[in-house]
Amino acid sequence: MLCCEHCQSPKHLRITKSHTTVSNDHTQVLKIHEYLKCRECGLEGTATADLESETLDLSGGLVDSPERPRATPRVGGGA
Ligand SMILES: [Zn+2]
């Protein structure tokens with residue numbers, strides 16, 4: 001799951017633009033490009049999913065964090 005590096009959260013990310021790269025004969029999607037913006041802190045980044053090699057390339061302050069089923073780590077604490 002994509003997270004904002006600054007907010008450490010996916011909650012505020014919005015896809016502002018996305019497009020795909022297709023093979024020359026247009027029968028296959030090779031890559032998916034997504035432009036995301038965090039509405040909380042204004043960070044912008046791009047995510048490129050390469051469907052052939054099944055890799056995800058991130059830039060601009062996006063991080064890929066494994067989705068956790070439940071536990072939300074509390075930062076700071078406080079009584
Ligand atoms: Zn953010």
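With which residues is C38 in contact, leaving aside its neighbours within four places in sequence?

Reply: Once the neighbours within four places in sequence are left aside, C38 is in contact with C4, H6, C7, H12, L13 and L43, where contact means that the C-beta atoms of two residues, placed from the backbone, lie within 7 Å. The model is a predicted one, in which local features need pLDDT of at least 70 and side-chain atom pairs count only at pLDDT 80 or more, while totals for chains, interfaces and linings use all residues. Residues are numbered from 1 along each chain as its sequence is written.

C38 also belongs to the largest nonpolar core, whose seven residues are C3, C4, L13, L36, C38, A47 and L62. A nonpolar core is here a set of buried Ala, Val, Leu, Ile, Met, Phe, Trp, Tyr and Cys residues joined through C-beta atoms within 7 Å. A residue is called buried if 20 or more other C-beta atoms lie within 10 Å of its own, exposed if 12 or fewer do, and partly exposed in between, with the C-beta atoms placed from the backbone. Strand 1 (2–4) and strand 3 each supply at least two residues of this core. In soluble globular proteins, nonpolar side chains tend to be buried together. Across the chain, 9% of the 79 residues count as buried.

The chain has zero helices and six strands, where helices (H or I, at least four residues) and strands (E, at least two) are DSSP runs numbered from the N terminus. An open sheet of four strands has the order 2-3-4-5 with antiparallel pairing, and two strands are said to pair if DSSP finds at least two bridges between them. Strand 2 (13–22) and strand 5 (55–59) each have a single partner strand and stand at the edges, so one side of each is left without a neighbour in the sheet. On average, and with direction ignored, neighbouring strands of this sheet are turned by 15 degrees against each other; the axes behind such angles are lines fitted to C-alpha atoms, for helices over the stretch in contact, and angles run from 0 to 180 degrees between N-to-C directions.

Strand 3, residues 29–38, is joined to strand 4, residues 44–50, by seven bridges, and the two run antiparallel. Within this pairing, the bridge partner of Y35 in strand 4 is T46, and that of E34 is A47. The hairpin of strand 3 and strand 4 has five residues between the strands, and there G42 takes a positive phi near 85 degrees. On the side towards strand 5, five bridges join strand 4 to that antiparallel neighbour, with T46 standing opposite S59.

Strand 2 is joined to strand 3 by nine bridges, again in an antiparallel arrangement. I15, which lies in strand 2, has L36 as its bridge partner in strand 3. Beyond its neighbours within four places in sequence, I15 is in contact with E34, Y35 and L36, yet I15 counts as exposed because it has 11 C-beta neighbours inside 10 Å. The C-alpha atoms of I15 and A47 are separated by 9.9 Å, although these residues are 32 apart along the chain. R14, also found in strand 2, is exposed because it has 9 C-beta neighbours inside 10 Å. With neighbours within four places in sequence again left aside, R14 is in contact with L36, K37 and R39, and its C-alpha atom is 5.3 Å from that of K37, a residue 23 places away in sequence.

Two loops complete the picture. H26, in the loop between strand 2 and strand 3, has a positive phi of about 65 degrees although it is not a glycine, and H26 counts as exposed because it has 7 C-beta neighbours inside 10 Å. E54, in the loop between strand 4 and strand 5, likewise is not a glycine and has a positive phi of about 55 degrees; E54 is exposed, with 7 other C-beta atoms within 10 Å.
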